[in-house]
Amino acid sequence: QVQLVESGGGLVQPGGSLRLSCVASGNIFSIYAMGWYRHTPGKQRELVALITSDDSTNYADSVKGRFTISRDAAKNTVYLQMNSLKPEDTAVYYCNADLILVAGTVPYDYWGQGTQVTVSS
């Protein structure tokens, strides 16, 4: 059974930093892409950052220059380093992964359970 398990959320003051981690476990052949989304009540879930298997990255305009996504392919892990956090970054952050379970097949989409990030003084 494939699972995505996030960690690293919490409460931080404005201007502070947090690092989120997400580990993909289970019978995985390869990882096509992994990323982070966030959701705030009353808003649509939005892409925060994405990294592909060739290390191409994509960021939401609102986090460019403040957040950095990276991965450890050997550990099936993706990280999100969040610096200069703002109250508007407060949200539930979800890990997402496009996983190839069997060689030659299309990727399947998986989600983590979410981790709360609260930026407040």
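Reader: Where is Asn96 found?
Author: Asn96 is in strand β9 (strands are DSSP runs of E, at least two residues, numbered from the N terminus). This is a predicted model, where local features need pLDDT of at least 70, side-chain atom pairs count only at pLDDT 80 or more, and totals for chains, interfaces and linings use all residues. Residues are numbered from 1 along each chain as its sequence is written, and side-chain values use heavy atoms, with hydrogens and water left out.

Reader: Is Asn96 buried or exposed?
Author: Buried, at 4% relative accessible area; the cut-off for buried is under 20% (1.4 Å probe, protein chains only).

Reader: What does the side chain of Asn96 make a polar contact with?
Author: The side chain of Asp109, at 2.8 Å. A polar contact is a pair of N or O atoms within 3.5 Å; within protein, one must be able to donate a hydrogen and the other to accept it, and residues adjacent in sequence count only if both atoms are side-chain atoms.

Reader: Switching topic: how many disulfides does a search of the whole structure find?
Author: One, by the criterion of two cysteine sulfur atoms within 2.5 Å. Cys22 and Cys95 form it, with their sulfurs 2.0 Å apart. Cys22 sits in β3 (residues 18-25) and Cys95 in β9 (residues 91-100), 73 residues apart, so the pair links distant parts of the chain.

Reader: Which hand is the disulfide, and why?
Author: Left-handed, because the torsion about the S-S bond of Cys22 and Cys95 is about -85°. Both cysteines, Cys22 and Cys95, are buried.

Notes:
Helix = DSSP H or I, 4+ residues; strand = E, 2+ residues; numbered from the N terminus. Buried < 20%, exposed > 50% of the residue type's maximum accessible area, 1.4 Å probe, protein only.
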